[in-house]
Amino acid sequence: MTRVNGPLVEVEDLAGAAMFELVLLGPHKLLGEIVTLGGGRATVQAYEYTGGLAPGDPAERGGAPVSALLGPHLLGGVFDGLLRPLTGAGPWLDPAVPALASVARSWRFTPLVEQGRKAAPGTAIGRVEGAGSLAYLVLSPGGEVSAIRQTGRYPHDAAVAVVGGTEVRLTRRQPVRRALPYASRLDETVPLVTGQRVIDLLLPVCLGGSAAVPGGFGTGKTVLLQQIAKWCDADVVVYIGCGERGNEMADVVAELAELPDPRTGGRLSDRTVVIANTSNMPMMARETSIYTGVTVAEHFRDMGYAAVVIADSTSRWAEARREFASRSGTLPAEEGYPADLASALAAFYERAGRVVTLGGATGSVTIIGAVSPPGGDLTEPVTAHTERFVRTLWALDRDLAYARHYPAISWRESFSRDADALTRGAPENAARRARVGGLLAEADRLTALAELVGAGALPARERIGLLAGRLLREGFLRQSSLSTLDAYCRPERTALIADAILAILALCQDLVEYGVPAAAVEDRDFSSILRAKEAPEEEITARRDTVLNELETLR
């Protein structure tokens, strides 16, 4: 080594080295990655704390790109940004002593093909039991099965088959910056149900889509992402704590371990992979953690599962790139970020998709990334570039958050480019979405007008427009993450609540057109329908009918 500057290490005389190759630095063999080559000198991005390294210390090639160890140990595990297990690692991590307790164990393998058979690429040749709540499949590289193990327990690094002359092991290493191949990409859109009404009705995201959640400090990004991780209907959830506070990650791990999985009856953590790369860990590990998370999701996608990647947050990832760029002397662009920030964000979100796998199954990777703009400035580079590449934006509003409105998603500043496609085959859903969205937009316009002239000065029809905004905000959009009935809302329940409120609003409008004073309509008690979201479904229709009957007495 000739130079050490924080995470930047310059190394000479690495003959035959290639870009993005792993490098082992110093006597403790700290991990690094070659990011530039030229003039016989390699610039290495170190993924560990480099205190103690000095010019003259040894450096050696790793012989392979930075890779993640994929295997049956993933589900239910907690890992760092390089997918090294943190289970049993102790309060402080020693890079010289890797924690492999959750990996170095035996697994029960059951063959699914016979010796001598042909196995196409990506097809399952075996199943591993005890690897989470899902069936973990061992996939074929393609070719004739010349050998395969019988049912039994084998070490994590055991070769369980030989297919096409290639040994197939229970675990394997996969470069994280290289997307896993698939047969074809599917164009049809299927919604990802999150259980959050404002998302599922107004701002839906599709399986294999991409979404961003920008919002300033205190607007509820982490709470929203945790709710999606708990309740979305994906098969596998990969939660990446990219530079976030350690107490938040501890809460995520603890809650996932306690929550029952409504789909399997086991623990929710048994189909979750947590990558905990917190703010007190080495900064540059954030840069690779999001690629590691997507690689894990693609691994399960190839088994035919729907995987969701939740990255909290991509702003911390971008800050790591800015830190390294400043140390390497790269010409800065906006606000000091490197000039390739936009292309790096595009490459990350591009790995989302719903595909036909090499084995003929259907799988998907959905990417949801939080963005933490300083001061809530949505025009800063990370947020602005992210908006260009995602299909859905859930912008969080500070005023809603401070008014204790959860989720604090702004229906004015958010968008979903897949909403029309998702509702194309369901005209009733499209009409419901258009009606709710139109009423909210009209209520926002009238609110600004009422602040100038007063609500009492508005015509009766417009006063009912203000009432519509209040009922929809309080009775439909606001959702309690602590309520057993309201934390998760099925699409059918979402439609039932929305239709009940819309029916009441339609009658209110008819009444003022009939000649009933707007004040008489506004003074009616709507508390029953506002609390319907926390009532059993069989009561929602009864509450709607009660309110409608009371309004009819005004004629």
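This is a predicted model: local features need pLDDT of at least 70, side-chain atom pairs count only at pLDDT 80 or more; totals for chains, interfaces and linings use all residues.
**Exercise 1.** Which residue forms a salt bridge with Glu 21, and how far apart are the closest N and O atoms?

*Solution.* Start with the partner: Glu 21 pairs up with Arg 61. Next, the distance: their closest N and O atoms sit 2.8 Å apart. A salt bridge needs a side-chain nitrogen of Lys or Arg within 4 Å of a carboxyl oxygen of Asp or Glu, so the pair qualifies. Now place the two residues. Glu 21 is in strand β3 (residues 21-25) and Arg 61 is in strand β6 (residues 59-65). They are 40 residues apart, and the bridge links distant parts of the chain.

**Exercise 2.** Are Glu 21 and Arg 61 buried or exposed, or something in between?

*Solution.* Take Glu 21 first: its relative accessible area is 4%. Buried means under 20%, so Glu 21 is buried. Then Arg 61: its value is 36%. Partly exposed covers what lies between buried (under 20%) and exposed (over 50%), so Arg 61 is partly exposed.

**Exercise 3.** Why does the salt bridge of Glu 298 and Arg 351 tie together parts that are separated in sequence?

*Solution.* First, the contact itself: the side chains of Glu 298 and Arg 351 meet at 2.9 Å, N to O. Glu 298 lies in helix α4 (residues 285-301), while Arg 351 is in the loop between α6 (341-349) and β23 (353-356), so the bridge joins parts 53 residues apart in sequence. Finally, check burial: Glu 298 has 1% relative accessibility and counts as buried. Arg 351, at 10%, counts as buried too.

**Exercise 4.** How many residues apart are Arg 327 and Glu 323 in helix α5?

*Solution.* Begin with the bridge: the side chains of Arg 327 and Glu 323 meet at 2.6 Å, N to O. Both are in helix α5 (residues 314-328), four residues apart, so about one helical turn separates them. As for accessibility, Arg 327 is partly exposed at 28%, and Glu 323 is partly exposed at 24%.

**Exercise 5.** Where is Ala 495, and is Ala 495 buried or exposed?

*Solution.* Find the element first: Ala 495 belongs to helix α12 (residues 491-514). Its relative accessibility is 16%, so with a cut-off of under 20% Ala 495 counts as buried.

Key: Residues are numbered from 1 along each chain as its sequence is written. Side-chain values use heavy atoms; hydrogens and water are left out. Helices (H or I, at least four residues) and strands (E, at least two) are DSSP runs, numbered from the N terminus. Buried means under 20% relative accessible area, exposed over 50%, partly exposed in between (1.4 Å probe, protein chains only).
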